[in-house]
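The exercises below are meant to be worked with the sequence and the coordinates side by side. Try each task before reading its solution.

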Amino acid sequence: NYFKENLIHRFDLNNNNVEVIRGFVDLEKFNSGRSKHFLKEQYGLNNTVNIGMVARFQPHRGHKFLIDAFCKLLKEYDNISLILTGRGEILPELRK
């Protein structure tokens, strides 16, 4: 798995501590025809490791857990970005 191997190599992680969980989404339905780097270029994320989550902002989805984990990573790495996309009841709270 390219994604897993890239994470292990870039962050010197133990193979046993990394698990990639893929959703069952047909990505071709969302293919805009643009370069796969379009958003990275638009938002200046070309030289960062980007961690993202697309999910409804509800307590059981784990956004708070992901944000807490990301804050811990920020203490060690300065080239990472967190991108969260969605709508939902806890979004206003998370924006604070």
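**Exercise 1.** Determine which residues of helix α1 (residues 2-11) are buried, and which residues on the other side are exposed.

Solution. Start with the buried set, which in α1 consists of Lys4, Ile8 and Phe11; buried means under 20% relative accessible area, exposed over 50%, and partly exposed in between, with a 1.4 Å probe and protein chains only. Next, consider their directions: they cover an arc of only 95° around the axis, and therefore lie on the same side of α1, where the arc is that of the directions from the helix axis to the C-beta atoms. Then turn to the other side of the helix, where Tyr2 and His9 are exposed. Finally, look for the packing partners, which for the buried residues of α1 are β1 (49-54) and β2 (80-85). Helices (H or I, at least four residues) and strands (E, at least two) are DSSP runs, numbered from the N terminus.

A note on the source: this is a predicted model, in which local features need pLDDT of at least 70 and side-chain atom pairs count only at pLDDT 80 or more, while totals for chains, interfaces and linings use all residues. Residues are numbered from 1 along each chain as its sequence is written, and side-chain values use heavy atoms, with hydrogens and water left out.

**Exercise 2.** How many salt bridges does a search of the whole structure find, and which side chains meet?

Solution. The search of the whole structure gives 1 salt bridge, defined as a side-chain nitrogen of Lys or Arg within 4 Å of a carboxyl oxygen of Asp or Glu. The side chains that meet in a salt bridge are those of Glu93 and Lys64, at 2.6 Å from N to O. This pair links distant parts of the chain, since Glu93 belongs to helix α4 (residues 91-95) and Lys64 to helix α3 (residues 63-74), 29 residues apart. As for accessibility, Glu93 counts as partly exposed at 41%, and Lys64 is likewise partly exposed, with a relative accessible area of 42%.

**Exercise 3.** Is His63 buried or exposed, and which residues is His63 in contact with?

Solution. First place the residue, which lies in helix α3. With a relative accessible area of 0%, His63 is buried. Then list its contacts (heavy atoms within 4.5 Å): leaving aside neighbours within four places in sequence, His63 touches Met53, Ala55, Arg56, Phe57, Gln58, Leu84 and Leu94.
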